[in-house]
Amino acid sequence: MIVVSDTTPIISLMKAGKLELLQKLFGVVYIPEAVYRELTENEAFSEEARLIQECEFLYVEEVDNGKSVAILRNFTGLDAGESEAIILADEKHSDVLLMDEHRGRQVAKKMGITITGTIGILAQAFDEGMLTKEDVEGCVERLKESGIRISEKLYHKLREHVRGKMY
């Protein structure tokens, strides 16, 4: 399975204390250089940067077509990480793109790219028995406490999902 990620799902999973879910679910996750820079260059988050730099399942890839990235950025207003993630997902014919930002998700969908985000990852991990209902609830609380902006509608859908299944 080929999986490409944007910045936000990685940050969200780090804040929830569940970054390892990416490896457990997907094995390897590709990130474009712009995403790697976004994750590692802010000096205020040096501990998180070190975690990313030492992460063995995140593979940094260069986007082949920089012109496509520039066009996408100019026409959509997406940032460098989002644009590179979409183009890399397209170039690698990825099975899924991990992205939370609404505008980026819309653009990727129009390009025929399959998408999931942080909430989808938590739901999948729950479905595969990697997280309990209590684990998911804890993740939701940590995400809220850390200021991660995910709509109440999505949080509600996740809660309903885990309540509807018994493990």
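At 12% relative accessibility, C55 counts as buried, where buried means under 20% relative accessible area, exposed over 50% and partly exposed in between, with a 1.4 Å probe and protein chains only. The model is predicted: local features need pLDDT of at least 70, side-chain atom pairs count only at pLDDT 80 or more, and totals for chains, interfaces and linings use all residues. Residues are numbered from 1 along each chain as its sequence is written, and side-chain values use heavy atoms, with hydrogens and water left out.

**Cysteines**

- A disulfide is a covalent bond between the sulfur atoms of two cysteines.
- The search of the whole structure finds 0 disulfides, a disulfide being a pair of cysteine sulfur atoms within 2.5 Å.
- For C55, the closest cysteine sulfur is that of C139, 16 Å away, which is too far for a bond.
- For C139, the closest cysteine sulfur is in turn that of C55, at 16 Å.
- C139 is buried, with a relative accessible area of 0%.

**Salt bridges**

- Side chains of opposite charge can pair when their charged atoms come close.
- The whole structure holds 8 salt bridges; the term stands for a side-chain nitrogen of Lys or Arg within 4 Å of a carboxyl oxygen of Asp or Glu.
- One of them joins the side chains of E54 and R50, with N to O at 2.8 Å.
- R50 is partly exposed, at 34% relative accessibility.
- Another joins the side chains of E137 and R163, with N to O at 3.8 Å.
- That pair links distant parts of the chain, with E137 in helix α9 (residues 133–145) and R163 in helix α10 (residues 152–163), 26 residues apart. Helices here are DSSP runs of H or I with at least four residues, strands are runs of E with at least two, and both are numbered from the N terminus.
- E137 counts as buried at 18% relative accessibility, whereas R163 is partly exposed, with a relative accessible area of 44%.
- R163 also forms a salt bridge with E160, whose closest N and O atoms are 3.6 Å apart.
- R163 and E160 lie 3 residues apart in helix α10, so about one helical turn separates them.
- E160 is partly exposed, with a relative accessible area of 41%.
- Through shared partners, salt bridges join E137, E141, R159, E160 and R163 into one network.

**Helices α3 and α4**

- Two packed helices are described by the angle between their axes and the distance between the axes.
- Helix α3 (residues 33–40) packs with helix α4 (residues 46–53) at an angle of about 140 degrees, and their axes are 8 Å apart. Axes are lines fitted to C-alpha atoms, for helices over the stretch in contact, and angles run from 0 to 180 degrees between N-to-C directions.
- α3 and α4 are therefore oblique to each other: angles under 35 degrees count as roughly parallel, over 145 as roughly antiparallel, 65 to 115 as roughly perpendicular and the rest as oblique.
- The contact is made by Y36, L39 and T40 on the α3 side and by A49, I52 and Q53 on the α4 side, contact meaning heavy atoms within 4.5 Å.
- By class, this contact of α3 with α4 has 4 nonpolar, 2 polar and no charged residues. Ala, Val, Leu, Ile, Met, Phe, Trp, Tyr, Cys and Pro count as nonpolar, Asp, Glu, Lys and Arg as charged, and the others, Gly among them, as polar.
- Within α3, the residues A34, V35, L39 and T40 are buried.
- The cover over the buried residues of α3 includes β1, α1 (7–15), β2 (29–32), α4 and α6 (80–91).

**Single residues**

- S5 is found in strand β1 (residues 3–5) and is buried, with a relative accessible area of 0%.
- Leaving out residues up to four places away in sequence, S5 touches I10, V29, Y30, I31, P32, V35, A85, L97 and L98.
- L22 belongs to helix α2 (residues 20–26) and is buried, with a relative accessible area of 0%.
- With residues up to four places away in sequence not counted, L22 touches I10, L13, G27, V29, F57, L98 and I121.
- L22 and G104 are 82 residues apart along the chain, and 20 Å separates their C-alpha atoms.
- S68 has its place in helix α5 (residues 66–76) and is partly exposed, with a relative accessible area of 24%.
- S68 and S83 are 15 residues apart in sequence and 8.7 Å apart in space, C-alpha to C-alpha.
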